[in-house]
Amino acid sequence: MNWLADRRTTVVLFGLVVLMFAVMQAVFPKTLAAPLPDARVQSPVLLFEFSRTQVHLDHVFGTPADPARIAAMDRGNRLDFLFMPIYGFFVFSFFAGIAQDRKRRIWLAFGALGLVAAASDAVENTLLLDITANLSAPGNALALLPWPVWIKFGLLALASGGAAVALFRSGRRVLGALCLPAPLAILPALIQPLQFGSLAAAMIGLGWLAMGLHAITRLR
């Protein structure tokens, strides 16, 4: 446990999170096959995760579906299996450091949220790969998709809320403030994912940035 609580471990994991994010941005499709009217979510990756109908899938992959888009999405989602343990342990490492500093193991519960979110992400990606394997009739995979997607985002948003509390209590008010938007944005995103889903995802990323900066500035 001590090595996970070490700020150097947190910083290394944060660096890997940034690196993996950059790599995956280069792999996934950059634009939708067709714009989705009246929706703020225009990222193919996020729209695929938030898809509920065949129409949503058509906007991501085109009609007929573009094999190159399917291949790019599959490559990104397979690569994402490497990203999951990295961000899961990054969140856990941040809270392990907080637990050690404050001598209260209760903070590890927030760290565990990152690990459970990563496990939910693995279920999500399995469903996404099942969907691309049969885009014309995604069936149960598409119906089940919202559950792991929103468990993942919900737990990561809750972890950001925990980080905000921890950072405020540590006197790091600016960094704590950067973690607050994620838990505030998750409910609107859950209710209207096509309008607020991308905002919630970005705010979780902002929370990770604050966690990483906290670890970097506490290196000894």
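Start by selecting Val45, which lies in helix H3 (helices are DSSP runs of H or I with at least four residues, numbered from the N terminus). What you have open is a predicted model, where local features need pLDDT of at least 70, side-chain atom pairs count only at pLDDT 80 or more, and totals for chains, interfaces and linings use all residues. Residues are numbered from 1 along each chain as its sequence is written, and side-chain values use heavy atoms, with hydrogens and water left out.

Is Val45 buried or exposed? It counts as buried, at 17% relative accessibility; buried means under 20% relative accessible area, exposed over 50%, and partly exposed in between, using a 1.4 Å probe and protein chains only. Now show Phe28 and Met73: Val45 touches both, not counting residues up to four places away in sequence (contact means heavy atoms within 4.5 Å).

Next, hop to Glu49, found in helix H3 (residues 44–50). Glu49 is buried as well, with 7% relative accessibility.

Last stop: pick Val23, in helix H2 (residues 7–27). Val23 is partly exposed, with a relative accessible area of 34%.

Methods:
Helices (H or I, at least four residues) and strands (E, at least two) are DSSP runs, numbered from the N terminus.
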